[in-house]
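Subject: Structure handover

Hi,

Here is the structure I promised to pass on. Please open it first, then read my notes below.

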Amino acid sequence: MKISILSKMLLFFSPIIFLCACEKNSVSNNGAAQTGKGGSITRFTIAKNYLYVVSNHFLNVYSLSDPAKPRQVHTSDLNYDIETIYPYGNYLFLGTRTGLYIYSIDTASSPSLIGEAKHARSCDPVVVNDSVAFVTLKSSSGCGPAEAGLYIHDIADINHPVLKKTIPLPDPMGLGIQDSILYVCCGSAGMKVFNVKDPYSPTLISTQADGKYLDVIPYNGILICNDEEGIILYDIHDPAKPALIKKIS
Amino acid sequence: MKIKYSGIGPLLLPFALKSEKALTGFFFKINCMKYLSFIFLMILISSCWKINIHPDYGPVPKVWGNKPVFAAVDAAKKILYDPVKHSLINAGNIYVFKNTIFQVDVGRGIHVIDNSVPSDAHRIGFITINGCEQVSIRGSYLYTNSYTDLVTIDISDPVNMKIVNTIPNAFPDMWISYPMFEPEESGYYECNAFRTDSVVVGWVKDSIPQGCYKN
């Protein structure tokens with residue numbers, strides 16, 4: 001009897017717990033100071049109390065203990081051309097010209113390299129969901145001979161990412177994930193909407209063709225798309241069915 | 001017919017041949033390739049003669065292309081908020097903070113978009129930041145770059161945004177890839193030499209000496 005009441009209570013509260021989790025994911029709180037959310041193509045990111053900046057060959061770490069005056073606390077000299085940085089949980093994912101590199105920020109002031117997948121010459125951005133890393137690769141950006149497309153890595157063992165699936169796509173750029181729906185920007189070829197519930201065999205749901213898509217940010221039920229001519233907003237309360245709200249140009 | 005290359009030939013051949021198959025070893029099943037490579041070599045050598053032996057070999061031909069517009073460092077790095085809509089030229093990174101969307105206009109600055117009512121979202125202003133490419137925000141502070149500097153802007157009063165901190169040359173290795181370093185369109189452009197006193201703030205069409213080329 002007690003157990004069933006408990007389980008009912010759990011059932012009742014679980015959506016609330018879920019909501020709280022979402023809240024924390026979308027906007028990480030640090031006392032009064034809130035952090036925003038960036039796209040998948042970026043060289044700046046804020047995690048914990050630090051600003052991480054990837055320049056061509058360096059991972060620079062700035063302490064934000066005095067937020068007005070970032071103070072450099074660490075620099076890693078990396079031997080490869082870095083393009084993007086993406087934070088997820090306790091990790092930073094670096095998309096570089098020679099592969100995907102994973103850094104632990106357990107010690108936030110000095111990230112340490114813990115994993116790499118060199119076979120994917122992943123010039124372009126990375127997004128991560130649980131134990132899966134989605135990477136896009138543009139073949140036209142001088143990143144080597146690999147085929148343009150979506151590269152899906154199993155990162156359950158964070159030290160040894162394994163490439164599980166490749167989907168050829170025309171010129172993919174930024175990407176974003178909401179629940180089990182993945183949005184991949186393919187410039188003038190549209191935005192591909194994938195169901196990645198089974199991450200290693202994604203199914204294409206639709207292709208949105210309202211602009212030239214460069215990057216996306218899923219944010220509080222809205223999908224913010226970076227378009228060559230401005231910004232395109234979609235309602236994604238049902239993530240599988242983006243509904244056009246507004247084009248800003 | 002098999003041709004065995006010896007001496008310096010095999011080392012120079014890669015420059016003459018683009019086909020990857022031809023690079024598989026020192027033995028090639030080719031007939032006319034050696035003549036082709038010979039011609040290529042002659043062109044290479046004759047072009048060297050022109051450079052080394054006749055340094056004053058006529059004036060560089062003029063072409064129609066892009067010419068850099070320089071501004072003094074102090075003027076170029078001024079940050080200014082204009083509370084009116086600007087049109088987007090070269091879409092860069094995007095960032096969202098509460099009800100505001102920020103969209104970088106590569107090399108020029110950041111568009112500010114009010115998203116409090118998504119169906120009525122619109123640009124409300126523009127922050128001029130020459131050499132800008134990145135944006136990230138925590139609390140009242142926006143972090144961005146102006147060329148190779150790391151800049152902190154206090155955005156708590158949007159109409160009176162102000163720079164509160166600059167770390168000069170924080171990312172020296174980004175120098176050759178700062179947004180305005182090359183023109184955005186392809187074609188000839190006047191090669192950009194390193195200057196300490198000024199930076200490129202834009203490009204204009206002009207008759208220029210045939211120099212650099214952007215694909």
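This is a predicted model, so please read the notes with that in mind.

**Sheet.** Start with the open sheet of six strands. The order is β3(A)-β5(B)-β6(B)-β7(B)-β8(B)-β4(B), and the pairing is antiparallel. The edges are β3 (37-38) of chain A and β4 (80-82) of chain B. Each has a single partner strand, so one side of each lacks a neighbour in the sheet. Within the sheet, look at β6 (residues 100-105) and β7 (residues 109-114), both of chain B. Six bridges join this antiparallel pair. D105(B) sits opposite G109(B) of β7(B).

**Interface.** On the chain A side, 48 residues make contact with 40 residues of chain B. The two chains bury about 3500 Å² between them. Of that area, 61% is on carbon and sulfur atoms. How many salt bridges cross the interface of chain A and chain B? The count there is zero.

**Salt bridges.** Over all chains, the count comes to seven. One of them links K67(B) with D206(B). Their closest N and O atoms are 3.4 Å apart. K67(B) belongs to strand β3 (residues 62-72) of chain B, and D206(B) to strand β14 (residues 198-209) of chain B. The pair therefore ties together parts that are 139 residues apart in sequence.

**Cavity.** There is one cavity of 30 Å³ or more. The largest cavity holds about 80 Å³ of space. Its lining has 14 residues. Closest to the centre are R43(A), Q134(B), N145(B), F171(B) and M174(B). What is the make-up of the lining, by nonpolar, polar and charged residues? Eight are nonpolar, four are polar and two are charged.

Best wishes

Note on methods: Residues are numbered from 1 along each chain as its sequence is written. Chains are lettered from A and ligands numbered from 1 in the order in which they are written. This is a predicted model: local features need pLDDT of at least 70, side-chain atom pairs count only at pLDDT 80 or more; totals for chains, interfaces and linings use all residues. Side-chain values use heavy atoms; hydrogens and water are left out. Two strands pair if DSSP finds at least two bridges between them. Helices (H or I, at least four residues) and strands (E, at least two) are DSSP runs, numbered from the N terminus. On a 1 Å grid over the protein atoms alone, a cavity is a set of points where a 1.4 Å probe fits but cannot get out, and a pocket is an open set with protein on both sides within 12 Å along at least five of seven lines; lining residues have an atom within 4 Å of a point. Grid points are joined across faces, edges and corners, and a volume is the space filled by probe spheres set on the points. Ala, Val, Leu, Ile, Met, Phe, Trp, Tyr, Cys and Pro count as nonpolar, Asp, Glu, Lys and Arg as charged, and the others, Gly among them, as polar. Contact means heavy atoms within 4.5 Å. Buried area is the accessible area (1.4 Å probe) that two parts lose on being put together, summed over both. A salt bridge is a side-chain nitrogen of Lys or Arg within 4 Å of a carboxyl oxygen of Asp or Glu.
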